[in-house]
Amino acid sequence: MIKVLKSGFYTSVQDRGRKGFGSIGVPISGVMDSYSANIANSVLKNSLENAVLEITFGGCEFEFTNETIICISGANFSAKINNEPITLNSRIKVNINDVLSFGKIVFGVRCYLAVKGGFLTNSVLKSRSFYQNITEDFLIKKDDLLPIESYISDLRPLNAAVIIDELHFVSNKIGCYKGPEFDLLDEFQKKEIETHIFTISNDNNRMGCRLNEIVENKIPSILTSAVIPGTVQLTPSGKLIILMRDCQVTGGYPRVLQLTDSAINQMAQKTTNNLVKFILYD
Amino acid sequence: MVLNLGFKHTYKAFGNKTILIEWSSIIDEVILEEILLFKEKIKKEKRNSIIDFIVGYNSLTLIYEKEVLNYFDEVSNLELIYKKDLKLLVKGKFLWEIPVCYDLEFGIDLEEVSSKSKISIEQIINLHSEKTYSVFFIGFLPGFLYLGGLDSKLFFDRRPTPRLNVEKGSVAIGGSQTGVYPSKSAGGWNIIGKTPLIFFDVKKDKPCFANAGDKIKFKPISLEEFYELARNNNFTPFKLLLND
C-alpha cells in the first residue's frame with residue numbers, strides 16, 4: 001500500500017481512460033500527459049495500461065508500506081525520498097516506511113508517479129481513472145491507502161536517466177489540424193487564430209482550458225455533436241476553449257481546431273498565464 | 001430493416017483518429033433512424049478498429065483505436081458499408097415510463113414558468129407528460145438523455161444565470177428541450193419536477209437503461225409515490241417493447 005500523508009493540490013489515479021462508453025455519455029478521462037505517463041511506466045517495464053498517480057503542482061506526501069520500485073516522470077516538483085532528492089525518469093527502489101515528498105516547482109504542471117505493477121485501485125467501466133460520478137473518489141485524500149503490489153528485487157537503480165525533450169515543457173507551439181467547423185470561420189478569424197499568441201486563463205483544469213483573447217465571433221452554435229480531447233471550441237463570447245481529457249462527449253460550440261496527440265500532452269504541462277500559439281497542419 | 005433511407009451525408013476528418021459523418025443540420029427522427037442504422041452496420045463490419053461511436057442530432061462520430069493512415073480510403077470503405085445491404089439484428093427499442101413528481105417541492109421553477117408563460121401549472125404538467133419523447137443521444141453528463149419532441153407551448157428560455165447545484169433526478173425544460181439531470185450538476189434549465197429513477201449507475205451491467213432511438217414518456221406521480229419509489233432506489237422503469 002501507499003499511505004497518503006498529504007493529498008496535495010490535485011492528485012488522482014489515472015490510466016489510459018474509458019474507451020467505448022461515449023454512447024452513454026461517459027468521458028474518456030485518463031492521464032492528461034500520456035507522453036510523460038508512458039515514460040514512467042516504460043522505465044519500470046510496466047504495461048502502458050497500468051494506472052499511475054497524476055500529481056498537479058506537487059504538495060503531496062506518501063508513505064510506502066511495501067517494498068517496490070517507482071519512477072517519476074513529467075513535471076519536476078523536486079521529489080525526495082526521506083528528504084533525499086531523487087532523479088526523474090529513473091528507477092528508484094523504495095523500502096517499507098520510506099516517505100516520498102515534493103518540494104519546489106522547477107518546471108511543468110503535472111508529474112506522474114508509477115509503481116511496479118501499477119496502482120490497483122478499483123476499476124470502474126474498464127478503467128481506474130478517477131472521475132466524479134463514475135468513481136467513488138475524484139481526488140485522493142489524506143489517509144487514503146492506495147493498493148500496490150510488493151516488488152522485491154535486486155534490480156539496481158538505473159544509473160542513466162532517460163533524455164526528455166525539453167520542448168515538451170517549454171514550447172508554446174501547439175500543433176493542430178482544422179476542426180470540423182474551421183471553414184465556417186471568415187478569413188479574418190482564421191488569420192487571428194493562426195497568428196495570435198493566446199494566454200491561458202485561470203479557468204483551466206482536467207476538463208478544459210479557456211484562453212483569454214477574443215476572436216470576434218458571429219458563427220451560430222451547431223446542433224450538439226461529438227467533441228473529443230483536444231477539440232478547440234469557439235464560444236459565442238469569442239473566447240476559445242481547448243478541451244482536455246475529462247471533457248464531455250458532446251458539445252454545441254463550433255469546433256474550429258483539433259490538437260494533435262502530442263499537443264494535448266504539451267497542453268497538460270501548461271497553466272494560467274502560459275502562452276500558446278496554434279500551428280496549423282494540413 | 002436493412003435499407004438505407006438515402007439521406008445526403010458528408011465525411012470530415014476530425015483529428016487523425018476520428019471521422020465525423022454529418023447529415024443536414026436539422027433535428028429529425030428519420031435522420032436519427034438512418035444514423036443508428038449506419039452505426040449498426042459499421043459496428044458489424046469494423047468492430048475491432050473503432051473504439052467508440054458518438055451519435056449527435058445530425059452526426060455520427062467514429063473514434064478509431066489507431067491513427068487513420070489513409071483518410072480517403074477509409075471514407076470510401078465506410079461509403080461501401082453504407083451501401084451494403086447487410087442483414088442486421090436490429091436491437092429492440094423500448095418505450096420507458098419515467099415517474100415524475102411535479103409537486104412544487106421539486107418543481108421549483110413551475111410557478112415562475114407558469115406566470116411568465118401564462119400557462120397554468122396543471123397545463124404545464126399535462127403538456128409535459130402527455131408527449132412521447134425520442135432519445136436522440138446521450139451526452140453532457142453520463143446518462144443525460146437528449147430528448148426530442150417537447151410541445152412548442154413549453155419552449156421557454158433558460159435561466160439567465162445557471163444554478164450551480166441542480167439536484168440529481170431533476171426534470172427540466174430549457175429552450176426547445178427537456179431532460180433529466182442524471183447526477184448533481186450545474187444547469188440552466190427550468191426545473192419542473194423530479195424523478196426517483198436512477199438514470200446512471202456504474203454498478204449495473206448497463207449503467208444507463210436507455211439507448212439512442214428509444215422513447216420516453218413521463219408519468220405524473222404524487223409526493224407519496226415519489227418517496228415510496230425513492231426508498232426502493234433500485235427499481236427499474238416500466239418498459240414496453242416497441243415494434244419496429
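**Figure 1. Polar contacts and salt bridges between chain B and chain A.** In this predicted model, 12 residue pairs, both members at pLDDT 80 or more, are in polar contact across the interface of chain B and chain A (N or O atoms within 3.5 Å; within protein, one able to donate a hydrogen and the other to accept it, residues adjacent in sequence counting only if both atoms are side-chain atoms). Salt bridges between the two chains number 2 (a side-chain nitrogen of Lys or Arg within 4 Å of a carboxyl oxygen of Asp or Glu). Glu22(B) pairs in this way with Arg255(A), their closest N and O atoms lying 3.6 Å apart.

Figure 2. Chain B contributes 39 residues and chain A 30 residues (heavy atoms within 4.5 Å). About 2600 Å² is buried between chain B and chain A, 62% of it from carbon and sulfur atoms (accessible area, 1.4 Å probe, lost on putting the two parts together, summed over both). Of the area that chain B buries against chain A, 21% comes from Phe14(B), Ile54(B) and Val202(B), more than from any other three residues.

**Notes.** Residues are numbered from 1 along each chain as its sequence is written, and chains are lettered from A and ligands numbered from 1 in the order in which they are written. In this predicted model, local features need pLDDT of at least 70 and side-chain atom pairs count only at pLDDT 80 or more, whereas totals for chains, interfaces and linings use all residues; side-chain values use heavy atoms, leaving out hydrogens and water.
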